[in-house]
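Dear colleague,

I am handing over the structure below, which you have not worked with before. Please have it open while you read, as my notes follow it part by part.

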Amino acid sequence: MEGLASFRPVPSFTSRPRSSILGKALNPRRGNSLSLPSSSSSNVRAQQMESKDDEPEPNEGNTPRNILEEIIWHKDTQVAQLKERQPLYSLKKALDNAPPVRDFIGALRAANSRTGLPGLIAEVKKASPSRGVLRENFDPVEIAQAYEKGGAACLSVLADEKFFQGSYDNMMAIRDAGVKCPLLCKEFIIEAWQIYYARSKGADAILLIAAVLPDLDIKYMTKICKMLGMATLVEVHDEREMDRVLGIEEVEFIGINNRNLETFEVDISNTKKLLEGKRGEEIRKRDIVVVGESGLFTPDDIAYVQEAGVKAVLVGESIVKQSDPEKGVAGLFGKDISLKSV
Ligand SMILES: O=C(O)c1ccccc1NCC(=O)[C@H](O)[C@H](O)COP(=O)(O)O
């Protein structure tokens, strides 16, 4: 599989090597827990391409076994439909009219130096599978402007409609309204096509979830992002995923999710656990920016993950639920971190 990625010419990447996703990352015997519907065309293709030893164990009921799996199954169908409507060649043309890319990691580093606190990626999120609707009266532009005024360095904008009530229109509206913070397109990326799509809608960064993607895809998609000038936040949840991701030399930006996306359990000590010992040493040596994600509500939580070694935090629920999200940012850090404060 290593060879597959290495001889693909980067500029013409159009889709992920599906067999590796289905056979490696999603194979329960390899420690991942995801699978795709056995009826999906990609799965049929994948099974044809896999050797017998690599075949995923059958999912007898052919139903998703957890929410992450359900999201990915749905995304697979959605992306296939979107690609039919807008093939890559026309998407690439649309990139000429996309707004310029902004430096996502640079903005986090600058905020960290300015405030001495982790740079904030503030999440524009109406709802989530674990928490339901977080904010009834949801105006994405108003929320984004309030976060920016409050001192957020960057924003994370949910693009998934079915499970998070997000949209690409929200991301474009935020950019069009003049918000300067670089934008992370918070989407479940399973195809390189989605990266071009996100860029065409004004994204400056994308998220790759290690639980969903095999190493080769992470490497390959990271290269595409680099070529497009975008940042790639690679998300891990446990030691095994962290070790896999640290094995990919292109990775320079890692998110540690304190939420288990299969069980929804949240534990912020996960960030500390994954940054201890040799892993932390390597991260410091390579100057990788680490983001603490999920379950952060108080200044003590922020201090805890900062002490563990993060340079940035990704926060949704605790600030999006505030009637005044600008004040919510100050409440989260226990002080005013806006530009006017320093
Ligand atoms: O939050 C969920 O229910 C969820 C379910 C399945 C996949 C991803 C999910 N959430 C993404 C995130 O982890 C959060 O949006 C993000 O880290 C912010 O977390 P929080 O501050 O706790 O809202």
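A residue is called buried here when its relative accessible area is under 20%. Please also keep in mind throughout that this is a predicted model.

The buried residues in question are A192, W193, Q194, I195, Y196, Y197, A198, R199 and S200. What do the buried residues of α9 pack against? Their partners are the helices α4 (67–85), α5 (88–94), α8 and α10 (215–228), together with the strands β5 (183–186) and β6 (205–209). Just after α9 comes G202, whose phi is positive, at about 100°.

Stepping back to the chain as a whole, its secondary structure comes to 16 helices and 10 strands, and of its 342 residues 56% are buried. Among the contacts with a separation of 6 or more, 71% are between residues 24 or more positions apart. In an unreviewed entry, UniProt lists residues 68–329 as "domain: Indole-3-glycerol phosphate synthase"; in the model this span is 47% helix and 17% strand, and its end C-alpha atoms lie 29 Å apart.

The largest nonpolar core has 103 residues, and those with the most contacts inside it are L120, Y147 and L155. Because domain 1 (13–96) and domain 2 (100–333) both give residues to this core, it lies between them. Leaving out residues up to four places away in sequence, L155 touches F104, I121, A122, A144, Y147, I174, V179, C181, P182, L183 and L184.

The loop between β4 (154–158) and α8 (168–176) also deserves a look, and G166 is found in it. Is G166 buried or exposed? Its relative accessibility is 7%, so G166 counts as buried. Apart from its neighbours within four places in sequence, G166 is in contact with L158, A159, D160 and E161, while its C-alpha atom is separated by 22 Å from that of R102, a residue 64 positions away along the chain.

D160 is found in this loop between β4 and α8 as well, and with a relative accessibility of 1% it counts as buried. The side chain of D160 reaches two backbone nitrogens, that of K162 at 3.4 Å and that of F164 at 3.4 Å. Beyond residues up to four places away in sequence, D160 touches K75, Q165, G166, K186 and E187.

Finally, there is the ligand, which has 20 residues around it, and of these E123, K125, S130, S294 and G316 come nearest.

With best regards

Methods:
Residues are numbered from 1 along each chain as its sequence is written. This is a predicted model: local features need pLDDT of at least 70, side-chain atom pairs count only at pLDDT 80 or more; totals for chains, interfaces and linings use all residues. Side-chain values use heavy atoms; hydrogens and water are left out. UniProt positions are given in the numbering used here, feature names are shortened, and annotations may be inferred rather than shown by experiment. Helices (H or I, at least four residues) and strands (E, at least two) are DSSP runs, numbered from the N terminus. A nonpolar core is a set of buried Ala, Val, Leu, Ile, Met, Phe, Trp, Tyr and Cys residues joined through side-chain atoms within 4.5 Å. Buried means under 20% relative accessible area, exposed over 50%, partly exposed in between (1.4 Å probe, protein chains only). Domain bounds come from an automatic or database domain assignment. Contact means heavy atoms within 4.5 Å. A residue is near a molecule or strand if one of its heavy atoms lies within 4 Å of it. A polar contact is a pair of N or O atoms within 3.5 Å; within protein, one must be able to donate a hydrogen and the other to accept it, and residues adjacent in sequence count only if both atoms are side-chain atoms.
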